[in-house]
Amino acid sequence: DSYPNASDKPVDSPVLGDELQFTESDIQEAITRDQFLVEFQPQVSLRDNSWVGVEALARWLHPEHGLLYPGAFIATAESAAVALAFTEHVIGIALRQFGRLAAEVGFQGSLSVNIPPTALTDVQFPDRLLPALAECGVAPDTFVLEMTENSLPENDQVVLDILTRLSMRGVSVSIDDFGTGKSSLERLQGAPFNELKIDMVFVQNAQTEPSSAAIVESAVSLGRRLNMNVVAEGVETCEAAQWLHSIGCGMAQGYRFGRPMTLDKLVAWAADRPDSSGATSKDEL
């Protein structure tokens with residue numbers, strides 16, 4: 001009567017599952033039965049095309065519906081009742097597999113994981129996360145917590161205290177989907193963010209829409225002025241990558257470089273890179 005271990009299950013034919021509805025009890029049971037897994041999407045430097053990071057993306061290998069993308073379950077998984085358990089479970093999976101990645105291909109870049117503010121309700125969260133990083137051989141300064149701009153807390157001292165404690169220990173905090181929310185510069189300045197990720201919609205429209213290009217250019221400029229690492233999401237063409245590099249964007253992820261993939265496929269992807277560091281000439285962006 002046991003369900004398959006999602007961490008060891010082949011991943012094919014994902015289902016968006018937008019029409020499905022799940023409860024918090026469903027999420028908790030899936031955690032207990034180890035049905036969640038992660039795929040990794042590579043991040044590269046736009047300076048030299050070297051491989052510098054991965055983002056871990058949650059998937060649910062459901063026993064009836066197959067492989068589900070976050071759109072099917074993330075709203076429920078990030079509800080207050082299960083957000084902390086879900087987040088820590090996904091982080092644990094990502095850390096263990098990231099540790100394997102470092103051992104198998106010698107990767108020394110960063111690992112990014114999304115986290116909702118609803119998971120940051122326990123002031124002891126850093127006291128569990130930091131030992132988990134050490135156990136998997138992941139240095140705090142290579143670990144990035146991503147929070148979407150729309151989820152940035154207002155006057156939530158517990159969340160800010162947790163993020164500040166982690167930042168002081170070297171963990172990076174990233175603003176994801178920048179440009180889609182309603183954050184004020186004051187809110188951005190008041191939290192310990194050191195990375196800014198530009199939303200893929202603006203990146204993908206920048207080649208044809210002057211307004212989107214202006215937003216991307218402004219976001220890159222803002223990030224650089226605040227000494228933040230700037231990452232462009234949804235980069236799908238060589239032209240987009242070269243343009244982003246020309247305006248000063250430092251990193252990118254998207255189908256141009258690699259789709260989200262399982263650990264085994266990521267290892268194979270890494271083996272196809274021109275050398276062990278993944279570096280190639282700028283012309284090959």
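**Entry 1: Asparagine 227**

I looked up asparagine 227 and found it exposed, because its relative accessibility is 71% and exposed means over 50% relative accessible area, buried under 20%, and partly exposed in between (1.4 Å probe, protein chains only). I placed asparagine 227 in the loop between α8 (210-225) and β8 (229-232). For these labels, helices (H or I, at least four residues) and strands (E, at least two) are DSSP runs, numbered from the N terminus. I noted that asparagine 227 is not a glycine, yet has a positive phi of about 60°.

**Entry 2: The model and its confidence**

I record that this is a predicted model, in which local features need pLDDT of at least 70, side-chain atom pairs count only at pLDDT 80 or more, and totals for chains, interfaces and linings use all residues. Residues are numbered from 1 along each chain as its sequence is written, and side-chain values use heavy atoms, with hydrogens and water left out.

I looked up pLDDT, the predictor's confidence in each residue, from 0 to 100. The protein chain has an average of 87, and 84% of its residues score at least 70. I found the lowest confidence in helix α6 (residues 185-190), with a mean of 68, and the highest in strand β9 (residues 251-252), at 98. I also noted residues 1-13, where pLDDT stays under 50 and the model has 26 contacts beyond four places in sequence. Residues 276-283 are likewise below 50, with 17 contacts in the model beyond near neighbours in sequence. Contact here means heavy atoms within 4.5 Å.

**Entry 3: The chain as a whole**

I recorded 10 helices and nine strands in the protein chain. Of its 285 residues, 51% are buried. Among contacts between residues at least 6 apart in sequence, I found that 71% join residues at least 24 apart.

Two packed helices are described by the angle between their axes and the distance between the axes. Axes are lines fitted to C-alpha atoms, for helices over the stretch in contact, and angles run from 0 to 180 degrees between N-to-C directions.

I noted that the crossing of α3 and α10 is right-handed; a crossing is right-handed if the near helix is turned clockwise from the far one by less than a right angle, and left-handed if anticlockwise. In this contact, α3 contributes Gln97, Arg100, Leu101, Glu104 and Val105, and α10 contributes Leu263, Asp264, Leu266, Val267 and Ala270.

I turned next to helix α1 (residues 24-32), whose axis comes within 10 Å of that of α3 and crosses it at roughly 30°. α1 and α3 are therefore roughly parallel to each other. The crossing of α1 and α3 is left-handed. I listed Ile27, Gln28 and Ile31 of α1 in contact with Ala85, Phe86 and His89 of α3.

**Entry 4: Phenylalanine 107**

I found phenylalanine 107 in the loop between α3 and β4 (110-114). Phenylalanine 107 counts as buried because its relative accessible area is 8%. Which residues does phenylalanine 107 contact, leaving aside its neighbours within four places in sequence? I listed Trp51, Val52, Gly53, Phe98, Leu101 and Ala102. The C-alpha atoms of phenylalanine 107 and tryptophan 51 are separated by 8.6 Å, although the residues are 56 apart along the chain.

I located asparagine 49 in the loop between β1 (36-45) and β2 (51-62). Asparagine 49 is buried, because its relative accessibility is 5%. Its phi is near 70°, a positive value in a residue other than glycine. I placed arginine 273 in the segment after α10 (263-271) and noted that arginine 273 is buried too, at 12% relative accessibility. A polar atom of the arginine 273 side chain lies 2.5 Å from the backbone oxygen of asparagine 49.

**Entry 5: Glycine 234**

I found glycine 234 in the loop between β8 and α9 (238-246). Is glycine 234 buried or exposed? With a relative accessible area of 12%, glycine 234 is buried. Not counting residues up to four places away in sequence, glycine 234 touches Met200, Val203, Gln204, Gln253 and Gly254. I noted 6.5 Å between the C-alpha atoms of glycine 234 and glutamine 204, which are 30 residues apart along the chain.

Note on methods: Polar contact = N/O pair within 3.5 Å; in protein donor to acceptor, adjacent residues only side chain to side chain. Parallel < 35°, antiparallel > 145°, perpendicular 65-115°, else oblique.
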